[in-house]
Amino acid sequence: MEIDRRTFVAAAAAGLTLAAKPALAAKPSSFPKDFIWGAATAGHQVEGNNLNADCWLLENIKPTVYADPSGDSANSFELWRRDLDLVTSLGLNSYRFSLEWARIEPEAGQFSIAMLDHYKAMIEGCRALGLRPIVTFNHFTTPIWFAARGGWMNPDAPQLFARFCDKAARHLAAGIDHATTLNEPNLAGVLQFLLPGGLLEADKAMAAAAAAKLGVPVFLAGNALYQPEPAKVQANLQAGHTAGKAAIKAVRGDLPVGVSLAMLDDQEAEPGSLRDAMREKFYNAWLRLARADDFVGVQNYERSLWGKQGKLDPPASARRNMMGAEVYPPSLAGAVRYAYEVAKVPVIVTEHGVGTDDDTLRAWLIPEALTHLKAAMDDGVPVKGYCHWSLIDNFEWVFGYKIHFGLHTLDRQTFERRAKPSALVYRDYIRSHTAGA
Ligand code: FCB
């Protein structure tokens, strides 16, 4: 069952085609000296052996929708210093990574000082190398005990998350540069209306098998595709963000805190299109909530062309990623402009990239997208940073190890990482486009 979350967003009805439009000519100019240049990962996708996480259980149950179990992944739990060296070797000044809630709180209310120390060492390791740590407190995966209590559908979920944020912040906040609470919560429970029925059924069967194994009525993972009560889940995630942020701020009021949202660049292909309705459905509640935050994290991989009946096909000339979706370099700037228009707070691009085995596509995408991003900044959109997804090839959720987003390859036997040519394109672009660099 191979489909990812962005593809779900893009999976709305299609059928029509649109003529290719030439991309805007972008202005060459310099990014500010203090611009955040980073690469991103997430705990479960790189650490390996995250045994207490909901996802681990689901990867290893029958039936499962996961193409592979995460297993050792990139073994970044052990090899994170190597990862930081990769970050510095590209001339970046920031690393975005996430805390694994399931390691820090493996049983409800039982917090592991050793695991908190692990993440503290990573944060201090970043600082020692002059890297600004952008820390995601929760990137999809939740502890098994949390999912077994109904996950984000549980009325206690916001408070349980806030308790975790409080403990983690007390241990870690001092060294963090920017914190995000949740990763792409705007997608939870809103995509299922677009999913192919078979996938939804398979996801339900997998969750039911997990519930049966644990002897609980419902097992709802952090990134479950099927949510029995989507409105409740959305309300709890929003309350969770607010309570989690308050907990972090109570520890360190001057730490900038935000939330990362999955955003397409939604374009109106004809008057009266569904674009505005789709924006309302997928992002607006979160963008309005983000008005109270210090910044908003934007994660963009695609654009959507909206007609009156649904999503239109990309132009025939479009270059495509491994999932068959269009790769459109100006989409990042488009999503960022819209995020700022509604949220009215500074933006950090917390993810952007492409799943492909054709690294020339990535090498083409990065400079093009950044030049359009800079044009948005020149038009007055406050963008503080850009993190490329991902530092290394890793466990891409239901796709397992089959889709590659990395700036570096990963040898799953030796854990060797090797820079792809696109990584050097990113490095060189930063060198030649940063003021005073
Ligand atoms: C985003 C997720 C990230 C990764 C990329 C490709 O939706 O936040 O974990 O899977 O897509």
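**Notes on the barrel, its helices and selected residues**

1. At 0% relative accessibility, Glu105 counts as buried, the term being used for a relative accessible area under 20%, with exposed meaning over 50% and partly exposed the range in between (1.4 Å probe, protein chains only). Glu105 sits in the loop between α5 (101–104) and α6 (113–128), where helices (H or I, at least four residues) and strands (E, at least two) are DSSP runs numbered from the N terminus. Beyond its neighbours within four places in sequence, Glu105 is in contact with Gln110, Phe111, Pro143, Trp145, Arg163 and Phe164, contact meaning heavy atoms within 4.5 Å.

2. As to provenance, this is a predicted model, in which local features need pLDDT of at least 70 and side-chain atom pairs count only at pLDDT 80 or more, while totals for chains, interfaces and linings use all residues. Residues are numbered from 1 along each chain as its sequence is written, and side-chain values use heavy atoms, with hydrogens and water left out.

3. The strands form a closed barrel of eight, in the order β1-β2-β3-β4-β5-β7-β11-β12, with parallel pairing, two strands being taken to pair if DSSP finds at least two bridges between them. From one strand to the next the twist averages 25°, with axes fitted as lines to C-alpha atoms (for helices over the stretch in contact) and angles running from 0 to 180 degrees between N-to-C directions.

4. Strand β5 (residues 257–262) pairs with β7 (residues 296–300) in the parallel sense over three bridges, and Ala262 has Gln299 of β7 as its bridge partner. Helix α10 (residues 230–251) packs on the sheet, where it touches β3 (132–138), β4 (178–183) and β5, and its direction makes about 160° with that of β4. Helix α13 (residues 359–378) lies across β1 (36–40), β11 (347–352) and β12 (383–389), and runs at about 165° to β12.

5. Helix α6 has 16 residues and reaches 22 Å from its first C-alpha to its last, close to the 22 Å expected at 1.5 Å a residue, the expected span being 1.5 Å times one less than the number of residues. Its buried residues, among them Leu116, Tyr119 and Met122, pack against α4, β2 (94–98), α5, β3 and α8 (157–172). Just after α6, Gly130 takes a positive phi of about 75°.

6. Is Lys62 buried or exposed? Lys62, found in the loop between α3 (54–59) and α4 (76–89), is exposed, with a relative accessible area of 76%.
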